[in-house]
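Subject: Structure handover

Hello,

Here is the structure I am passing on to you. Please open it alongside this email.

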Amino acid sequence: MNVQDSSKVDQAALAGVVAGFDIPDPTKIERLEGKVSDAEWRLRLDLAALYRLTALYGWTDLVFTHISVRLPDEDGSPRFLINPYGVMFDEMTASSLIKIDMDGNIKQDTSYFVNPAGFTIHSAVHMHRHDARCVMHVHTPYGVAVSVQKEGLRKYTQFAMVVHDDVAYHDYEGIALDLDERERLVRDLGDKNFIILRNHGTLTTGPNCAIAFLRMYFLEQACKAQIFAQSVGSPDGLIEETDDMSARVLQQGAAGFAEGLGDNLVWPGLIRRLNRMNPGYNH
């Protein structure tokens, strides 16, 4: 699958599909363990688990958001995994995930295709932020509700202050099919690990799936609490903390997002919960 030369492309044409296509059952396809490298299989397991956890926490938008993971390079070229378009997050499997390069070419045998908007957003971050080995993007009602507010995320809660000063903003440019948007998105993201996509949704990065999830958890909780707090009406009835306090809380909570700490605290328990409630991601 090759990305067309034009920066503005037709979504169906880019996906390489025609009317009447079939989406295979991801639990029935060939299992890839032993057919890919051990490193790739471990990343496939983590990413498939992350998709199912996203569904378990109610952060999905049917099949219309994306989570990606950077793979080890192949032949000196970058690779990453992204979801097959049309597979629900709660049925995602390690073997159904699609390996893609930075030009949008699928680099494996598969009956699936990818969402072009996922390619646009995720390739932008992966190409410019090598520390962002996992990129998580969702459209939750609370995140979208905060994204439309001119003031964005407010310093109302500890949830918010843990992330507030690490949050960037990117103005809405329509459904992300314009490849030129990648330059502006990574410019706006800079060196931050959270970005609120105006009128659209939220995005977090992490050195692994666990940290990306943990960051999204705190951002989602912050957005939810803000919407609940704003239900009282006027902001005059709310207490917003100072910039100094927000900076202090960010520093106090930073260790929770450190690789080897926050991930080790939460990921094993999340996997145990997933295995109890929705096993099968490791197919």
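Below are notes on confidence, salt bridges, aromatic pairs and one surface patch.

**Ground rules**

This is a predicted model, so local features need pLDDT of at least 70 and side-chain atom pairs count only at pLDDT 80 or more, while totals for chains, interfaces and linings use all residues. Residues are numbered from 1 along each chain as its sequence is written, and side-chain values use heavy atoms, with hydrogens and water left out.

**Confidence**

pLDDT is the predictor's confidence in each residue, from 0 to 100. The chain averages 91. Of the residues, 93% score at least 70. Residues 1–14 stay under 50. The model has 31 contacts for them beyond four places in sequence (contact means heavy atoms within 4.5 Å). Where pLDDT is low, the predicted coordinates should not be read in detail.

**Salt bridges**

A salt bridge is a side-chain nitrogen of Lys or Arg within 4 Å of a carboxyl oxygen of Asp or Glu. The whole structure has 14 of them.

For burial, I use relative accessible area: buried is under 20%, exposed is over 50%, and partly exposed is in between (1.4 Å probe, protein chains only). Helices (H or I, at least four residues) and strands (E, at least two) are DSSP runs, numbered from the N terminus.

- Lys-35 pairs with Glu-30, with the closest N and O atoms 3.6 Å apart. Lys-35 is exposed at 52%. Glu-30 is exposed too, at 53%.
- Lys-99 and Glu-40 meet at 2.9 Å, N to O. Lys-99 sits in strand β3 (residues 98–101) and Glu-40 in helix α2, 59 residues apart. Both are buried.
- Asp-243 bridges to Lys-155, with 3.1 Å between the closest N and O atoms. Asp-243 is in helix α8, and Lys-155 is in the loop between α4 and α5 (158–163), 88 residues away. Asp-243 is exposed at 55%, whereas Lys-155 is buried at 10%.

Shared partners also join salt bridges into one network: Glu-40, Arg-44, Glu-74, Arg-79 and Lys-99.

**Aromatic pairs**

Rings of Phe, Tyr and Trp (its six-membered ring) pair if their centres lie within 6.5 Å. Planes under 30 degrees apart count as stacked, over 60 as edge-to-face and the rest as tilted. The count comes to 11 aromatic pairs.

- Tyr-142 and Phe-228 have ring centres 5.7 Å apart and planes at 80 degrees, so the pair is edge-to-face. Tyr-142 lies in helix α4 (residues 141–147) and Phe-228 in helix α7 (residues 209–230), 86 residues apart. Tyr-142 is partly exposed at 25%, and Phe-228 is partly exposed at 49%.
- Phe-218 and Phe-257 are also edge-to-face, with 5.7 Å between centres and 90 degrees between planes. Phe-218 is in helix α7 and Phe-257 in the loop between α8 (243–253) and α9 (262–277), so the pair ties together parts 39 residues apart in sequence. Phe-218 is partly exposed at 22%. Phe-257 is buried at 10%.

One aromatic cluster takes in Phe-159, Phe-194, Tyr-217, Phe-218 and Phe-257.

**Surface patch**

Leu-62, Phe-64 and Met-88 make a nonpolar surface patch of about 270 Å². Patches are made of residues with over 30% relative accessible area and no salt bridge; like charges are joined within 9 Å, nonpolar side chains (Val, Leu, Ile, Met, Phe, Trp, Tyr) within 5 Å. Leu-62 lies in the loop between α2 (38–56) and β1 (66–74). Leu-62 is exposed, at 52% relative accessibility.

Best wishes

Technical notes
Accessible areas come from the Shrake-Rupley method with a 1.4 Å probe; for residues, only the protein chains shown count as cover.
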